[in-house]
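Biologist: Please show me the structure, so that we may go through its contacts in turn.

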Amino acid sequence: MFRLRDREMSQKILKELKEMRLDITLMHVCGTHQDTLVRFGLDSEFQRVGIDIRQGPGCPVCITPPQEIETTMALARAGITIAAFGDLMRVPGKRQSLGDIKAEGGDVRIVFGVDDAVDIARQSHGEVVFVGIGFETTAPTTATALLSSPPDNFSVLSFHRIVPPALRAISSMGEIKLHGMIQPGHVSAIIGTAPYEFLSEEYGIPQVVAGFEPLDLMVAVYLLAKQHSEGRGEVQNEYSRVVKPAGNPTALKAIRDAFTPTDAIWRGFPVIPESGMSVKNELEIHDASKRFSDTIAAAADAECIEPDGCRCGEILRGIITSEECPLFDRKCTPENPIGPCMVSREGSCHISHRYRRTRLDKT
Amino acid sequence: MCLAVPAEIITIDGAVAKADFGGVARSVNISLVDAKVGDFVIVHAGYAIEVLDREEAEKTLQLFRELLTQDDAGA
Ligand code: SF4
């Protein structure tokens, strides 16, 4: 529809970047950005001109901590119908995955969105729990369903997360020095550009909200490099064809009406203040965490540990790349994933595995 | 799951629209956007999350071109 894969323009940008003699590290927080970067080989092109790009905590399935995976499985084992996005199925828990429970006869359904889960509840007499994972892009869809008088047997396990507090965590932890951030286009379609400003103001970080075509990322990186070399730190919007400065007010209202911000754990991180979304008290009959609190408490008390040797946590904090994990493509593959970063199609390990041998000049 | 793709609205019936995803028609919940028939929307998890702004898309392409001609002149 819009031709944004222009090779000639990309070559020009790379030439410009080379002349800038850069040695910088950028971060993005989006599986789709990582997909574009690796699929089109842009990550190595950028490396050649002194730009290292890391995927931070930008994969909803990956950042979902072990506790929440165990909680979901506890409900499935208790005979409750679980409706979840397909990516969640194979995330290894302590003993098994949701997929294993399904294979053993548990009622675990793969859905493409919350409305499918509401339909399942309408056609069933049993309890149906939708596993609400995802950032601000997904949260308004769950919110809309919660606010549209769903049936009484429908409830939500809200594991939604809010992106800006995680960006603050990354910046304040200081483990990685970032010279710029590529902000996620579709999260920004909902929240707009203002929620990122604190990063530039407090940490001086250049930021560009970017779309998902190769040229979007080329231009975003170019704008970041310009800001960096001119000593500026501000929020620019490269994806204005979708992202309005104030975001999507209807979606933001739905989030506000359905959820309350709450402190939450992200895999690989300590508790991040106000980075989660719990279902509002007024909607508590649809809040699975209240409806099934006994089953959940038992699961939450159990010891929840990371898989042995898995380094997803460090990948999500941008400290290492997937290729630096000793298990990558040896013991850990998509057929036999050890950690969530190899399960989810948005996970850095899965993406690296997927395109490693096929990335040559596909633009 | 976080993937969001553009689709063209073909028909609208209340909060639900039929949209064309490159030749495949599927229903999309449009309660989060103000969309009309013929609009391109960005669809995520069965919901349209925003309407694609054609004018802005043109402007972006124009901006890309300018950015590069400028650099040529400056180099
Ligand atoms: S390659 Fe596997 S074990 Fe290593 S970090 Fe990725 S998911 Fe974890």
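**Salt bridges, disulfide, interface and ligand**

Modeller: Glu19(A) and Lys15(A) both belong to helix α1 of chain A and stand four residues apart, about one turn of the helix; helices (H or I, at least four residues) are DSSP runs numbered from the N terminus. This is a predicted model, in which local features need pLDDT of at least 70 and side-chain atom pairs pLDDT 80 or more, while totals for chains, interfaces and linings use all residues. Side-chain values use heavy atoms without hydrogens and water, residues are numbered from 1 along each chain as its sequence is written, and chains are lettered from A and ligands numbered from 1 in the order in which they are written.

Biologist: At what N to O distance do the side chains of Glu19(A) and Lys15(A) meet?

Modeller: A salt bridge requires a side-chain nitrogen of Lys or Arg within 4 Å of a carboxyl oxygen of Asp or Glu. Glu19(A) and Lys15(A) form such a salt bridge, with an N to O distance of 3.9 Å.

Biologist: How many salt bridges does the rule find across the interface of chain A and chain B?

Modeller: Over all chains the count is 20 salt bridges. Across the interface of chain A and chain B, however, the number found is zero.

Biologist: What is the area buried between chain A and chain B?

Modeller: The size of an interface is often given as the accessible area lost when the parts come together. Here the area (1.4 Å probe, summed over both parts) has 68% from carbon and sulfur atoms, and the total buried between chain A and chain B is about 3200 Å².

Biologist: Which element gives the largest share of the side of chain A that touches chain B?

Modeller: The elements that give two or more residues to this side include α1 (7-19), α7 (114-122) and α12 (214-229) of chain A. The largest share, five residues, is that of α12(A).

Biologist: Which handedness has the link of Cys59(A) and Cys62(A)?

Modeller: A disulfide is a pair of cysteine sulfur atoms within 2.5 Å, and Cys59(A) and Cys62(A) are joined in this way with S to S 2.2 Å. The angle about the S-S bond is 65 degrees, and the link is right-handed.

Biologist: How many nonpolar residues has the shell around the ligand?

Modeller: The residues around the ligand (a heavy atom within 4 Å) include Cys310(A), Arg311(A) and Gly339(A). Cys counts as nonpolar, Arg as charged and Gly as polar. The shell has one charged residue, one polar residue and, in the nonpolar class, ten.

How values were computed. Buried area is the accessible area (1.4 Å probe) that two parts lose on being put together, summed over both.
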